[in-house]
Amino acid sequence: MALVLTEEQSMLRDSARGLISDKAPVSHLRQLRDSKDTTGFSRELWKTFAEMGFAGLLVPEEFGGSALGAVEAGIVMEEIGRTLMPSPFLSTAVLAASALSRGGSAAQKAEYLPQLSAGSLLAALAVDEGAKHRPLQTSLQAVRSGNGFRLNGAKSFVVDGHTADLLIVAARTAGGAGESAGLTLFLVAPKEKDKSKGIDIERTAMVDAHNAARITFDNVEVDADSVLGEVDQGFALLEAVLNIGRGAVASEMLGLSEEVFGRTVAYLKERKQFGKAIGEFQALQHRAAQLYIEIEITRAAVLKAQQALDGDAAKAAAAVAVAKARAGATATRAVQEGVQMHGGMGMTDQFDIGFFMKRARVCEELFGDANYHADQLARMRNY
């Protein structure tokens, strides 16, 4: 398959770019940060997202969505990366929609997917429990209790967890840390009075001015209908959803990298030293050219991974690992070059480049850094 967008995908890109660049430039993030906004994103803008169909991109048509794929979700994420727009698109429209569409029962789909598509329900995926992304190390316990389960444990780095109306929680129903068998996904409603007892949510503002949450479960009761997928067999579903999320985050880092590159090249043309634009110095030209090459190679890797996800998600793991690792490395290089070429002003809070550097660092860690995915690739080769 050609590594280029179709005409319809290009139209989606233009539509997303027009909305996001107009309504959510980097100054939008700065304003939310400085005002210490308790939500961390604009609900009004999310409503507009839903009205334009973005919230339902991955939702089947019978539930009010567009039934599109990972490539289209990546297109929107790339535009989000260009302006660092805080949005529940990743947590709700990508991760939650994918999990429910792939693993939900008929009743779960009918209840939740129309709300996701309409933008009226916010959701979050609660997986990690430590400082690093290690889904197999899940230790939050789900013990059978009556007609359901009792959850005990804690989750960290739950993206948009403080605003979620629905949590998709990975818990261990059998086996021990490091084992894929014995993981189960649960749907938990943290805001419903009769279902929220024992749930404690602490909002954590991250270094990039986006939001996550630490969530503690203390004898939280859930019934059997809250199981998403099969008991003890949730890892395959979880990994498929995480791979879709990894591809989406790789797209965000691609958009971030390209925006930083564009801003840096513009500055090289404007800033004068010794009577000439600093972009005329060959050393800086070489560095800019090398970064451009890295971004284009990354673009191909990311699009290839998303096409693989839309083709056969079960066989896309290697392509996704390459894309996520490479996008992280490229974003890191882009922001480092951007800060260095802007000189001392690049380190100031008044200048936007620092926002991109902080976001790149968070995205690098989200759903596994380059080392994690290099290790995954090595394990795949051994098998």
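The structure holds five aromatic pairs, where rings of Phe, Tyr and Trp (its six-membered ring) pair if their centres lie within 6.5 Å; planes under 30 degrees apart count as stacked, over 60 as edge-to-face and the rest as tilted. One of them, Phe49 with Phe54, is edge-to-face, at 5.0 Å centre to centre and 70° between the planes. Trp46, Phe49, Phe54 and Phe89 form one aromatic cluster.

This is a predicted model: local features need pLDDT of at least 70, side-chain atom pairs count only at pLDDT 80 or more, and totals for chains, interfaces and linings use all residues. Residues are numbered from 1 along each chain as its sequence is written, and side-chain values use heavy atoms, with hydrogens and water left out.

Buried means under 20% relative accessible area, exposed over 50%, partly exposed in between (1.4 Å probe, protein chains only).

| Residue | Relative accessible area | Class |
|---|---|---|
| Phe49 | 0% | buried |
| Phe54 | 2% | buried |
| Ser101 | 18% | buried |

Ser101 has contacts (heavy atoms within 4.5 Å) with Leu58, Val59, Pro60, Lys109 and Leu113, leaving aside its neighbours within four places in sequence. The side chain of Ser101 also reaches the backbone oxygen of Ala97 at 2.7 Å.

Key. Polar contact = N/O pair within 3.5 Å; in protein donor to acceptor, adjacent residues only side chain to side chain.
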